[in-house]
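Here are my notes on the model you sent over. Keep the viewer open and follow along point by point.

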There are 2 protein chains.
Amino acid sequence: MTVDPHSTAGPASRHGHDHAHCIADALTRADALCAERGARLTALRRQVLELVWNSHKPRGAYAILEDLSQREGKATAPLTVYRALEFLVEHGLVHRIESLNAYIGCAAPGAVHSGQFLVCETCGNAVEIDDPRIRAAIGTIAAEHGFQVSRPTVEVRGTCTDCQEKTP
Amino acid sequence: MTVDPHSTAGPASRHGHDHAHCIADALTRADALCAERGARLTALRRQVLELVWNSHKPRGAYAILEDLSQREGKATAPLTVYRALEFLVEHGLVHRIESLNAYIGCAAPGAVHSGQFLVCETCGNAVEIDDPRIRAAIGTIAAEHGFQVSRPTVEVRGTCTDCQEKTP
DNA sequence: GGTCATGGCGTTATCTTATTACATCGCCGG
DNA sequence: CCGGCGATGTAATAAGATAACGCCATGACC
C-alpha cells in the first residue's frame with residue numbers, strides 16, 4: 001500500500017477522515033460505475049485515478065506523471081497520463097480545475113456534475129460543492145440567453161476557513 | 001486604422017453593432033478609468049487593449065502577440081504582452097477566461113467584476129454576463145463554508161443561439 | 001539643473017502544460 | 001484464424017507562461 005503524505009499522524013489525516021479508506025472507496029465506486037457503463041477502467045487508468053485521489057487536492061498532470069513514473073520504475077510519457085485523465089474526466093470520476101490546470105477526484109461520481117469548487121489560494125485545496133441555487137441560477141440565465149449549457153464551470157477563488165485562522 | 005475581420009459587411013458587423021465604435025468606446029472608458037486611478041495606460045498597454053477588443057472574442061496571449069508584432073513590424077517578446085495583459089486584468093479592463101487560456105475585453109470596466117461568461121464551444125464566442133442571482137448564490141454558499149471569496153469565476157460552456165440554429 | 005528612485009520595457013532563456021502523428025499491442029466478434 | 005477497434009507506447013513539438021537581468025524614461029525631491 002502507498003503512504004499518504006498527509007497521513008503522517010495516522011489514518012485520520014488533517015482532512016479529518018480516514019484517507020486510505022476514502023481512496024479505496026473512490027476506487028470501488030469507480031469500478032462499479034465503469035462496470036455499469038461498460039467502460040474499461042484499465043489498470044493504468046485505475047492507477048492514475050488512485051494517484052489523483054492520493055493527494056486529495058488539485059494536482060497537475062505532470063505531477064501525476066512523476067508519481068506514475070516513480071511507481072512504475074520507468075519514465076512515462078505525458079500522453080499516457082493525459083489520456084488516462086481524459087477518460088476519467090469524461091466519466092466524471094475526476095474534475096479538471098481550469099484556473100489551476102489541475103485535476104482532482106470527484107466527490108460524487110455518477111451524480112450530476114456541475115463542477116463547482118471553492119479553491120483556496122493559500123493552501124491550494126479545492127472543495128467540491130454542488131449548490132442547487134448556483135445550478136438553478138446558471139440554468140435560468142442561460143435560458144434567458146437561449147444558451148444551451150453543456151458544462152457549467154464554477155471556480156470560486158479565495159481563502160478557506162483554516163487559512164483565514166492562520167493569518168488573521 | 002485597422003480593419004476588423006468581422007466587419008467585412010460594413011461597420012455593423014455580425015455582432016449587431018458598430019464594432020469600430022465599440023472599440024473606440026472601450027479605449028475611451030479605459031483612458032478615463034486609468035486617469036481617475038492614476039494608473040498609467042501606456043501606449044503599449046493601450047495597443048494591447050485595442051488588440052484584445054479587436055476580435056471581440058476570447059483571444060490567446062500568443063495570438064495577441066502575433067498581432068502586436070505585425071503592427072510594430074518587429075518581433076515582440078511574449079513577456080511584453082503578458083505584462084500588458086496583467087496590467088489590464090488587474091484594472092478590470094480585460095478578463096481572462098480560464099477554460100480557454102484566453103483574454104477578452106471587459107464589457108463593464110469599473111463596475112463589479114464577477115467574471116461570468118457564456119462560452120460557446122462552437123464559434124468560440126464568449127458573452128459576459130453579470131447575474132446577481134449567481135453572484136448571490138456564490139456569496140451564500142461561500143459564507144456557509146466560511147470561505148472568503150476573492151475572485152469568483154463562472155464559465156458556462158455550451159452552445160450559443162446562433163450556433164444552435166446553424167446545426168439543429 | 002542634478003540626482004535618485006520607481007516603474008515600464010527589452011532580451012534571453014527556460015519552464016510548464018498539452019497535443020499531434022504514427023507505430024504497436026491485445027482483446028473480442030465473426 | 002483474422003480483421004477491427006480501442007488502449008498504450010514513442011517521439012517530437014506546439015502552446016502557454018515565467019524567471020533573471022538590465023536599460024531607460026519619468027517624476028519627485030533637493
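1. Two terms before we start. A residue is near a molecule or strand if one of its heavy atoms lies within 4 Å of it. Helices (H or I, at least four residues) and strands (E, at least two) are DSSP runs, numbered from the N terminus. With that in hand, look at DNA strand D: H4(A) supplies the largest share of the surface near it, 3 residues.

2. Some housekeeping. This is a predicted model, so to speak of a local feature takes pLDDT of at least 70, and side-chain atom pairs count only at pLDDT 80 or more, while totals for chains, interfaces and linings use all residues. Residues are numbered from 1 along each chain as its sequence is written, chains are lettered from A and ligands numbered from 1 in the order in which they are written, and side-chain values use heavy atoms, with hydrogens and water left out.

3. Stay with DNA strand D. It is surrounded by 14 residues, and the closest are Thr42(A), Arg83(A), Tyr62(B), Tyr82(B) and Arg96(B). At least two residues each come from helix H2 (43-55) and H4 of chain A, and from H4 of chain B. By class there are 7 nonpolar, 3 polar and 4 charged residues. Here Ala, Val, Leu, Ile, Met, Phe, Trp, Tyr, Cys and Pro count as nonpolar, Asp, Glu, Lys and Arg as charged, and the others, Gly among them, as polar.

4. Tyr62(B) goes to a base instead, with a side-chain N or O atom 2.7 Å from a base nitrogen.

5. Sugar and phosphate make up 42% of the atoms of DNA strand C that come within 4 Å of the protein. The side chain of Arg45(B) has an N or O atom 3.2 Å from a phosphate oxygen, and a polar side-chain atom of Thr80(B) sits 3.4 Å from a phosphate oxygen. Arg83(B) reaches a base nitrogen, at 2.5 Å. On this side H4(B) gives the most, with 3 residues.

6. Next, how the two protein chains meet. Contact (heavy atoms within 4.5 Å) takes in 34 residues from chain A and 34 residues from chain B. The size of an interface is often given as the accessible area lost when the parts come together. Between chain A and chain B the buried area (accessible area, 1.4 Å probe, that two parts lose on being put together, summed over both) is about 2900 Å², and carbon and sulfur atoms give 59% of that.

7. Which element of chain A gives the most to the side that touches chain B? That is S5(A), with 12 residues. S5(A) also runs antiparallel to strand S5 (residues 148-159) of chain B, joined by 11 bridges; two strands pair if DSSP finds at least two bridges between them. Find Val154(A) in your viewer: its bridge partner in S5(B) is Val154(B).

8. Last, the charges. Side chains of opposite charge can pair when their charged atoms come close. A salt bridge here is a side-chain nitrogen of Lys or Arg within 4 Å of a carboxyl oxygen of Asp or Glu. Across the interface of chain A and chain B the rule finds 2 of them. One joins Glu144(A) and Arg133(B), at 3.2 Å from N to O. Over all chains, the structure holds 20 salt bridges. Glu144(A) lies in helix H5 of chain A and Arg133(B) in helix H5 (residues 132-144) of chain B, so this pair joins two chains.

Terms used: A polar contact is a pair of N or O atoms within 3.5 Å; within protein, one must be able to donate a hydrogen and the other to accept it, and residues adjacent in sequence count only if both atoms are side-chain atoms.
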